[in-house]
Amino acid sequence: MREIVGLMGVLAATFVMLPAEAKNKQLLEDYVREPMPRGFKVIVTDFEGPVFADADGKTLYNWPITNLRNGDAGEQKGKPTCDDHKYTENAGLMSPYPGGLELPEVETRPSCIDVWPPVLAKPNAEPVGKWTILDRKDGTKQWAYDGYALYTSVLDRGPGDVFGGSDLRGTSEAGAQRKPVGPPPNIPPQFAVRTVATGHLLTIGATGRSVYYSDHDAPGKSNCDLKCLHDWLPVLAPETVRPQGDWSIIESSPGVKQWAFRKMPLYTRALDAKGSSLEGSDVPGWHNAYTQLAPPPPEGFTVNDTHSGQVLGDAKGMTIYIYNCNDDAVDQLACNHPDTPQAYRFAICGRGDPELCLKQFPYVIAPKGAKSNSHIWSTMDIDPKTGKKAARNASDALHVWAYRDRPVYYCARDKKPGDIECDTWGEFNGARNGYKAFWLRDDFGGNAGSSR
Amino acid sequence: MQSYRSVRPAVAGLLGCALGVATAQAADSPLRAGTIGYVLTAKNVAIWQSPDGKVECPEGINDGPREQFKTLYPMENGVRYKFVETQLEREGQIWNPTTEPEPKLHFKEAQGTTAIGMNLDGKVGRNDFTSPDGEPGIDNQMYRVLGCVDNYRGPDGSYRHFIQDYMRKFNYNRFLVELTNVDDLTNDDAVDVTLYRGKDPLMVDTLGAYTPGTTHRIDFRWGKSFIYHLRGKIKDGVLTTEPSDVTFPESQARGVPYLSVRAWRVKLKLTPESAEGLMAGYTDIERYYNSLGQNWSTHHRSYGAEPMTSEYRSMRKNADGYPDPKTGENTAISMAWEIKFVQAYILHEERGEQAISSVRGAGAQTEAVGE
C-alpha cells in the first residue's frame, strides 16, 4: 500500500533525479509489502520514505538501545520502558558531568509517554509477521515491530509528519534517539539504501559503495565503452535474477548481465575510496542513484561549497544551521523543539541570555506568505524572548523558517557564503546540545549522513 | 553559490590516475625537474619539558573540566544542584568565553625562560624565551598557556595521541608541501613552496612507520582555501619560508574546523626522504579557541584535563600580535608546532595553478583562493 498524504508532487527536478523519469513529481521509494495488522498502513513520507503509521496516519517510532558515554539508554527488544514517570534529575549519561542535577523546567517536564504515546494493542489483537504484542508494566499491551516497542510522537500533527526522529545517520553523542519505523525498501539483496541529507542513497550492501548512473547511457542500454569501463564498473546481476518493479536487467555485453534501476544501467566507481560517496557525481554526466530524493528546500535557498563539502545557504549564500538537543534524563527527551525547554540552547548560543542568542545565532526570517511544498520545511512564529512558539498575532513574534518543525538559524560569525564558523558548536560537537551546519554533502567529515 | 535547484556536477572528473603510479616510476632521487613534495605525518604543539616538569610547572599540572566542576560545585552536605546552574552554566561559559576572573579556579601558566619555537619578530623581547639550544628571542606565548596542560605534554598527552591518530585516519587533515624551482636540496636561495590539502591516506609499512615515496592527490574540489604559494630558501639543508598568513585543516574527526595563523613560516631540515622541524606564527585566538571546542567536546577534553575557559583568559592575557584596530587588544598569540613529513609525490590531477594566488612582492601576505 502506498499512500501520500498532504504531499502532492509539484517538486522541481533536482541534480540527482533520474532523467528517464517524470520531471514534475518526487520519485518515491518502493517498499516490501509485508503483512501488517489491521489499522496500520504505510505512508511514503517526503524525506524518510516509507514509514508505518497508525489509523490516524501518525508515524510510528521505536527507541533502540544506544550506548552512551556513561551507560545505555533506550529500549531492548521486547522490553518497553517508556512510562508515565516524570524524571526530575539528569542521569549522568553525558560524561564528564555528574547525574542528580535538577532538570530545566522540572515542574512541567512531561513523562516519556506524554511525549511518546505507546501504540496500544487491543486485547484481542494477534501478532502478524514481524508485528508482535508486548506486555507493558501498567497491564496494557503494546505493538512492536521487529521486537521493538512502537510509539507515536506528539510532535506529529498529521499524516506524513515525521518530526519525532529521523533515520539520517548521526552519532551516538546525540543521545539515544527515536527512529521512524517502516518497511524495508524493495531492492535486490545485493543493494542497500542509506539515508543521507540529499535522499535515500542507493549503495552496494556488502561494501557500502555508491551506485551511479550515466547520462551517456540510454534507458535499457549501456554505452559505457572500454575507456569508460576503466573508471565505472557495471553492477553485475546474478544469472537467475528476474526484473521486478523499478529493477531490470540489461545485457551490457554478450553474456554479461547488468542491473538497471528505473531503466538506467548501474555502476560503481573504481576511484571511490569510501562508502556512500558522492564524488562520482562531480564527473560530468554521472549521478548518484537514489531510491528517493529529499524534497528541495523552499524557493531561494542555495547550495554553497565549504572546505569539506556543501551546505545549505539562504539566498545570499549564508549558511543555515540546525540546532540539536537531547536531554540527559533516563527517558532522553528532545530539547531542540520550540515546545521544549530553551535553557539548553540559550546556554550555548548566549550564556543563558536570549538577547545574546539573537545576535549570535539569529533566526532565518521567512518572508510573509512564504510557503513550502514539503512537510519537512515550514514556517512558524517564534517569541524571540522565550524561544518558544509565539501566541497567535503576537506583535513582536518572528516569522521564521523551520526544518523538521524546528527553527533554523544563522551564525553571526559567518561573513561570506560557505563559511561554517559555527558548525559542531556546543556540547558533544553540536550533536547533543548545539548547532551544526545544514550539511548536504561532506566528503571528509561524515556529516550529511555520509561515511567518513 | 548555486541555486539549490540548479546544482549540476561542476568539477571536471578525475583523470584516472591511480595511487602509486608515480611511485612505480621512482628513480634515484625524488627531486625531479626541480620539484619535491612532502606529506605531513606528525604535528604537536611545541612544549618544552624539564625532566621532572618542576621547572616549567612548579605548581603541577592544571585541573581539567571534571576537576573544575567539582571545585565549583562540591557534592557535599547533601546539596542539590540545578542543571541550568551547573552543566549548562559551564557549557555556556565554554561557548561564550569572557576575560572576567574565575575566582574559584586557579590556572597554572608555564614558567621559566626556555621554550621551543621561532623568533617571529626578529627581536629579543622581555617576555621572549630562549630555545633549548640557546637561541634567544623565541616567541611562543602559547607555551605559557598550554605548557602545564596535560593534554599537550609528552609522551602520553591525550591531544598528542589523538592528533597523530587522526593525522593518519582522517584525510581531511592531509597537509602537503611542494617545493618547486629547487636546484639543490642543500643550498638554494630561492625556492617556491606551495601548500595543499591532499585527499589520500597516509601509508605505513609493516612496522607502522610512514613510508616515503607514496602518491598524494591534491584536493582541488574543496581544498582551494588551503592552497598557498610562498617563497623560501634552503641553507645548509634547512628550508625556511617567508611569513605568510595561512589557514590549515585540523580536526580530531568530530567536525571540520581549521586554524588560522598569521605570519606563519616553517624551519625544516630536509632530506630526500623526509623533512622535520618547526612551524610557527601568530595564531588567531578566536579561531584557535573555537576550533578546540569544535574538535574536542568537554568529555574529550577531560581525557587530557584541558580547561578551555581558563585557557581563553590566559590566551587573551598573553596575546602578543595583531592588535584589533578598534580596541587595541592583541588578537593573536605566538605559537609553534613540531612537525614531521615524509617525501611524497604530489599528483596534479588538475592543473590548479590558476587558482593559486600569487605572491605580491617579498614579504607580502598571501591570500587564499576563495577568501
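Val196(A) sits opposite Gly199(A), a residue of strand E11 in chain A. That pairing belongs to E10(A) and E11(A) (residues 199-204), which run antiparallel over six bridges. Keep in mind that this is a predicted model. Chain A has a mean pLDDT of 92, with 94% of its residues at 70 or more, but residues 1-24 of chain A fall below 50.

**The sheet in chain A**
- Three strands make up an open sheet, in the order E10-E11-E19, and they pair in the antiparallel sense.
- Its edges are E10 (191-196) and E19 (290-293) of chain A, each of which pairs on one side only.
- From one strand to the next, the twist averages 20 degrees.
- As background, strands in a sheet are held in pairs by backbone hydrogen bonds, parallel or antiparallel.

**Where the chains meet**
- On the chain B side, 46 residues touch 53 residues of chain A.
- Strand E1 (2-3), helix H2 (65-72), H3 and helix H7 (298-303) of chain B each give two or more residues to that side.
- The most comes from H3(B), with six residues.
- By type, the chain B side splits into 20 nonpolar, 18 polar and eight charged residues.

**The H3-H3 contact**
- Ala343(A), Tyr344(A), Ala347(A) and Ile348(A) meet Leu88(B), Glu91(B), Gly92(B) and Trp95(B) here.

- Going from Ser95(A) to Pro96(A), the peptide bond is cis, with omega near 5 degrees; Pro96(A) is in the loop between strand E5 (71-73) and helix H1 (112-115) of chain A.
- Chain B has a cis bond between Gly154(B) and Pro155(B), with omega about 0 degrees; Pro155(B) is in the loop between helix H4 (142-146) and helix H5 (158-169) of that chain.
- Ala33(B) has a positive phi, near 50 degrees, and lies in the loop between helix H1 (21-24) and strand E2 (36-45) of chain B. Ala33(B) counts as exposed because it has 8 C-beta neighbours inside 10 Å.
- Asp236(B) also has a positive phi, about 50 degrees, in the loop between strand E6 (228-235) and strand E7 (238-241) of chain B. With 7 other C-beta atoms within 10 Å, Asp236(B) is exposed.

Notes. Residues are numbered from 1 along each chain as its sequence is written. Chains are lettered from A and ligands numbered from 1 in the order in which they are written. This is a predicted model: local features need pLDDT of at least 70, side-chain atom pairs count only at pLDDT 80 or more; totals for chains, interfaces and linings use all residues. pLDDT is the predictor's confidence in each residue, from 0 to 100. Two residues are in contact if their C-beta atoms, placed from the backbone, lie within 7 Å. Helices (H or I, at least four residues) and strands (E, at least two) are DSSP runs, numbered from the N terminus. Ala, Val, Leu, Ile, Met, Phe, Trp, Tyr, Cys and Pro count as nonpolar, Asp, Glu, Lys and Arg as charged, and the others, Gly among them, as polar. Two strands pair if DSSP finds at least two bridges between them. Axes are lines fitted to C-alpha atoms, for helices over the stretch in contact, and angles run from 0 to 180 degrees between N-to-C directions. A residue is buried if 20 or more other C-beta atoms lie within 10 Å of its own, exposed if 12 or fewer, and partly exposed in between; C-beta atoms are placed from the backbone.
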